[in-house]
Amino acid sequence: MSGFSHVSRLVPGEEGVFHGDIHPEWTIGGKPNGGYLLAMLTRAALTVVPHEHVVAASAHFLHSPDPGPVEVTAEVLRVGRSASQVRTRLVQGGLPCIESIAMVGTLDPSAKPFWAGGMPTPSARAQAECYRLDTRGASGFTVAIMGQVDLRIDPDDLGFGVGQPRGLGELRGWLELPGEDFDPVSLLYAVDAFPPATFDVQLSGWVPTLELTAYVRALPAPGPVEILHKARLIDDNRVDESCYVWDSTGRLVAQSTQLAGIRL
């Protein structure tokens, strides 16, 4: 296995430029996971400003890069007392692949939620009762990234695996990074780690992320995270999905919304 902090690392070059390497095993059907790429971009953003944690990050995926060398540039848009904004771009072979803006600040480890009435609650079975996905994708292609993480789906949500999706567009379960705990950067991967929630509606091929916006709400406690991944609307060959991530104490630590392409 190649740990997340290792495969998402960047090496500084000239001012505002960083060099990285997309790992071939952190891919789905040979293409790198979008949350993994957003985390890589955000590492560059955190390097050029004085704040410690990513609070929000959004990305537009212009062209899917291949495994191999990439260049990331970071441009500081604003440095503030409590938060700063940084624009980043991932380029491969001269071709712009991802444009992102990150807001970085400092998360208070002693902060507690004031109100959470608008959020869903954790509802997956215990991690040990959930089914671990392997590298054989439900649509026939290889999901190499499943050999690098421990991703488990609630048995009640696995109808797509036997050709019987329920039509709810909802997947629940657990995610663990073998050998390391989650931090704010790796939570950007967690919000995009699950299979498409549309699998619970109808199986399809690749569901590429077009735009992804993620919020990191709190510093995660050590251990695996529980995830709810939900499709909202499929229309005109596009779907929007929402993802919620709770840490091992049951606190919501990250959430996201993404727009993805889909062919049914």
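The following questions and answers concern a predicted model, in which local features need pLDDT of at least 70, side-chain atom pairs count only at pLDDT 80 or more, and totals for chains, interfaces and linings use all residues. Residues are numbered from 1 along each chain as its sequence is written, and side-chain values use heavy atoms, with hydrogens and water left out.

Me: How many aromatic pairs does a search of the whole structure find?
Reply: Rings of Phe, Tyr and Trp (its six-membered ring) pair if their centres lie within 6.5 Å; planes under 30 degrees apart count as stacked, over 60 as edge-to-face and the rest as tilted. Over the whole structure, the number of aromatic pairs found is 7.

Me: Which kind of aromatic pair do F4 and Y36 form?
Reply: F4 lies in helix α1 (residues 4–7) and Y36 in helix α2 (residues 34–47), so the pair ties together parts that are 32 residues apart in sequence; helices (H or I, at least four residues) and strands (E, at least two) are DSSP runs, numbered from the N terminus. The ring centres of F4 and Y36 are 6.3 Å apart, and with 65 degrees between the planes the pair is edge-to-face.

Me: Are W26 and Y36 buried or exposed?
Reply: The rings of W26 and Y36 have centres 5.7 Å apart and planes at 45 degrees, so this pair is tilted. W26 lies in the loop between β2 (17–22) and β3 (27–28) and Y36 in helix α2, so the pair ties together parts that are 10 residues apart in sequence. Buried means under 20% relative accessible area, exposed over 50%, and partly exposed in between (1.4 Å probe, protein chains only). By that scale, W26 and Y36 are both buried.

Me: Which residues are linked with R125 in a network of salt bridges?
Reply: A salt bridge is a side-chain nitrogen of Lys or Arg within 4 Å of a carboxyl oxygen of Asp or Glu. R125 forms one with D156, where the closest N and O atoms are 2.8 Å apart, and D157 forms another with R172 at 3.0 Å. The network links R125 with D154, D156, D157, R166, R172 and D200.

Me: What is the accessible area of the nonpolar patch of V201, I234 and L264?
Reply: Patches are made of residues with over 30% relative accessible area and no salt bridge: like charges are joined within 9 Å, nonpolar side chains (Val, Leu, Ile, Met, Phe, Trp, Tyr) within 5 Å. L264, in the segment after β15 (252–261), is exposed with a relative accessible area of 55%. Accessible areas come from the Shrake-Rupley method with a 1.4 Å probe; for residues, only the protein chains shown count as cover. Together, V201, I234 and L264 have an accessible area of about 230 Å².

Me: Which residues lie nearest the centre of the largest pocket?
Reply: Among the elements that each supply at least two lining residues are α2, α3 (184–190) and β12 (209–216). The lining of the largest pocket comprises 44 residues, and nearest its centre lie I28, V143, F194, P195 and P196.

Terms used
On a 1 Å grid over the protein atoms alone, a cavity is a set of points where a 1.4 Å probe fits but cannot get out, and a pocket is an open set with protein on both sides within 12 Å along at least five of seven lines; lining residues have an atom within 4 Å of a point.
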